[in-house]
Amino acid sequence: MSIVVTGATGELGRLVVDQLLTTVPANEIAAVVRDEERAAPLAALGVELRVADYDRPKSLENAFRAGDRVLLISGSEVGRRVPQHTAVIEAAKAAGVAQLAYTGVLGGPDADFQLAAEHKVTEQLILDSGLPHTFLRNGWYTENYTANLAPVLAHGAVVANAGDGRVASATRADYAAAAAAVLTGEGHLGTVYELSGDVAWSFTEYAAEVARATGKEITYKNVPAAVHQEILVGAGLPEGFAAILVDVDAAIERGLLAGTSGDLARLIGRPTTPLAETVAAAVASA
């Protein structure tokens, strides 16, 4: 039996593996990766590599073993995730894994924005499969914002169409720690966790944190959805992806990413990382 992390060379996946390595021997961890060369640092640590691709179902036949505890990290290619996830679920079922944990989206069936659609379908596929499962419904990553500070600093403004909506974000490391806790602990099968930060912040508050960390004047500009779409496309984003981001902001305005259940802090045994800390770190490394 191994603890298996799919997408293990991605930003979240690598953090999960790193967290697991603090409590689990490396030879009990397996990383499902597409690119063996890119995963060489994991192999050097003693982690087993299982080369497979979500887009090639045949390659997944040897990705899992009976009794494995598996973390399915959702694919990053919006519009292709349902067939990709289906292939993983079918391979996991055929192998007889002991647990399939899935990183979905905060709110699950109640999340009515575009980005949530494939997550909801995936959760139903897992339920229909009959696999022992755990749903990790991740809220927003604080890094979704702090990784994009350059235009904020260039224009002195945080631009969104989220109104006065609030975001209960946490860091990727927080979510990774929760996934590791579920994969190594007991009593999580059949459980749904609504994971989010301890504090929901507004974009006005986010702008103020960036201003405090940089010493620059930063304001929040709430713009109509159509204007935000034009700005994002003008910055080089594909129209479809820009539309998804605009739709997420509309969901934030409706309060769909503001939930603070406390599940994340309980799983990781500590408070979630404060917004100010993540902003300060991003500014320091910019």
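# Briefing: pocket lining, salt bridges and surface features

The second largest pocket has a lining of 13 residues, and those nearest its centre are Val-199, Trp-201, Pro-274, Leu-275 and Ala-276. Two elements, helix 8 (203-214) and helix 12 (275-285), each give two or more residues to this lining. The model described here is predicted. Across the whole structure, a search finds 18 salt bridges, and a nonpolar surface patch is made by Val-159, Val-227 and Ile-231.

**Second largest pocket**

- The space in the second largest pocket amounts to about 190 Å³.
- Sorted by class, the lining of this pocket comprises five nonpolar, five polar and three charged residues.

**Salt bridge between Glu-186 and Arg-69**

- Glu-186 pairs with Arg-69 in a salt bridge in which the closest N and O atoms are 2.8 Å apart.
- This pair links distant parts of the chain, 117 residues apart: Glu-186 belongs to the loop between helix 7 (172-184) and strand 9 (191-195), and Arg-69 to strand 4 (residues 69-72).
- Glu-186 has a relative accessible area of 63% and therefore counts as exposed, the cut-off for that class being over 50%.
- Arg-69, by contrast, has a relative accessible area of 16% and is therefore buried, since buried means under 20%.
- Between the C-alpha atoms of Glu-186 and Glu-277 there are 31 Å in space, and the two residues are 91 residues apart in sequence.

**Salt bridge between Arg-254 and Asp-112**

- A salt bridge joins the side chains of Arg-254 and Asp-112, with an N to O distance of 2.5 Å.
- With a relative accessible area of 44%, Arg-254 is classed as partly exposed.

- In general terms, side chains of opposite charge can pair when their charged atoms come close.

**Nonpolar surface patch**

- The patch made by Val-159, Val-227 and Ile-231 covers about 190 Å².
- Of these residues, Ile-231 is placed in helix 9 (residues 225-234).
- The relative accessibility of Ile-231 is 40%, so this residue counts as partly exposed.

- Gln-84 is part of helix 3 (residues 81-95).
- Its relative accessibility is 2%, and Gln-84 therefore counts as buried.
- Gln-84 and Asp-53 are 31 residues apart along the chain, and their C-alpha atoms are separated by 8.6 Å.

Key:
Residues numbered from 1 in each chain as written. Predicted model: local features only at pLDDT ≥ 70, side-chain atom pairs only at ≥ 80, totals over all residues. Heavy atoms only, no water. Patch = residues over 30% accessible without salt bridge, like charges linked within 9 Å, V, L, I, M, F, W, Y side chains within 5 Å. Areas by Shrake-Rupley, 256 points an atom, 1.4 Å probe, with all protein chains shown as cover. Salt bridge = Lys/Arg side-chain N within 4 Å of Asp/Glu carboxyl O. Helix = DSSP H or I, 4+ residues; strand = E, 2+ residues; numbered from the N terminus. Buried < 20%, exposed > 50% of the residue type's maximum accessible area, 1.4 Å probe, protein only. 1 Å grid on protein atoms, 1.4 Å probe; cavity = no way out; pocket = protein on both sides within 12 Å on 5 of 7 lines; lining within 4 Å. Points joined across faces, edges and corners; volume = space filled by probe spheres on them. Nonpolar A, V, L, I, M, F, W, Y, C, P; charged D, E, K, R; others polar.
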